[in-house]
Amino acid sequence: ISAFGANLQEVHNFLVSSEPTESLRERQTRERRASIHAAAVDLVFDHGLDEVTVARIAEAAEVSTRTFFNYFPTKEMAIVGLTTSDDIAAALQRFIEDFEPRRERLVEDLSFTIRAAFEFLLPRSANKQKLRAIQARHPHLGMLSMETKRHYSEQIITGIRRRIERRGITFADDDTAARATRMLAQLCSIPLEHAFASARFDTE
């Protein structure tokens, strides 16, 4: 890792102050997903899980039920703000491999890329405190969130390895590549977590 040395505090500062670039269509998609997620969280917090239907969430988010299902397969997935899809997984890997601009220092580059990958996947929660309260009432939603994140963490690891290899960095064997990639991803998540906590994901 020392061979890739970077100032993590500097990376943290960059992450807090900058936004990943995105097209108008990508922004609209992200915002609609976030709107559905926020509506689901607000409704379930106020009325309870059993009382909230997909139709009520769609109405609160000002979308059709058909549009709802374009983003989330169930109301539970809308609450946690995540969903699994082979198409999304493949798109995520491509996104990580091709994310621009590429930074000169590897750790800085991967930190930006991982942050952008989670922006690609995760909507902004309207109220983190409400979401945590809901998950405390319904532990299966917390488990659902963890399982979905775990699913995509493997996609992110795969994309990162390909991104590293495209820089001309080679590994002795697959086992070494897997360990090094996972270690780099964990290292680069440190400033990412601090950036998210201190920037716009902290809504308390």
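**Backbone and salt bridges**

Mentor: Pro101 is located in the loop between helix 6 and helix 7. Helices (H or I, at least four residues) are DSSP runs, numbered from the N terminus. This is a predicted model, in which local features need pLDDT of at least 70 and side-chain atom pairs count only at pLDDT 80 or more, while totals for chains, interfaces and linings use all residues. Residues are numbered from 1 along each chain as its sequence is written, and side-chain values use heavy atoms, with hydrogens and water left out.

Trainee: What kind of peptide bond joins Glu100 and Pro101?

Mentor: Most peptide bonds are trans, and most residues other than glycine have a negative phi. The bond between Glu100 and Pro101 is cis, with omega about -5°.

Trainee: What is the phi of Glu62, and where is Glu62 placed?

Mentor: Glu62 has a positive phi, near 60°, and is a residue other than glycine. Glu62 sits in the loop between helix 3 (54-61) and helix 4 (65-71). With a relative accessible area of 73%, Glu62 is exposed. For these classes, buried means under 20% relative accessible area, exposed over 50% and partly exposed in between (1.4 Å probe, protein chains only).

Trainee: How many salt bridges does the structure hold?

Mentor: A salt bridge is a side-chain nitrogen of Lys or Arg within 4 Å of a carboxyl oxygen of Asp or Glu. The structure holds 11 salt bridges. One of them pairs Glu97 with Arg162 through their side chains, at 3.4 Å from N to O. This pair links distant parts of the chain, 65 residues apart: Glu97 belongs to helix 6 (residues 86-98) and Arg162 to helix 9 (residues 139-166). Glu97 is buried at 15% relative accessible area, whereas Arg162, at 36%, is partly exposed.

Trainee: Which residue forms a salt bridge with Asp109, and is Asp109 buried or exposed?

Mentor: The partner is Arg167, with the closest N and O atoms 3.5 Å apart. Asp109 counts as buried, at 0% relative accessibility, while Arg167 counts as partly exposed, at 30%. A network of salt bridges links Asp109, Arg163 and Arg167.

Trainee: How is the separation of Arg179 and Asp175 in helix 10 to be read, and what is it in helical turns?

Mentor: Arg179 and Asp175 are four residues apart in helix 10, and therefore separated by about one helical turn. They form a salt bridge whose closest N and O atoms are 2.2 Å apart.

Key. Helix = DSSP H or I, 4+ residues; strand = E, 2+ residues; numbered from the N terminus.
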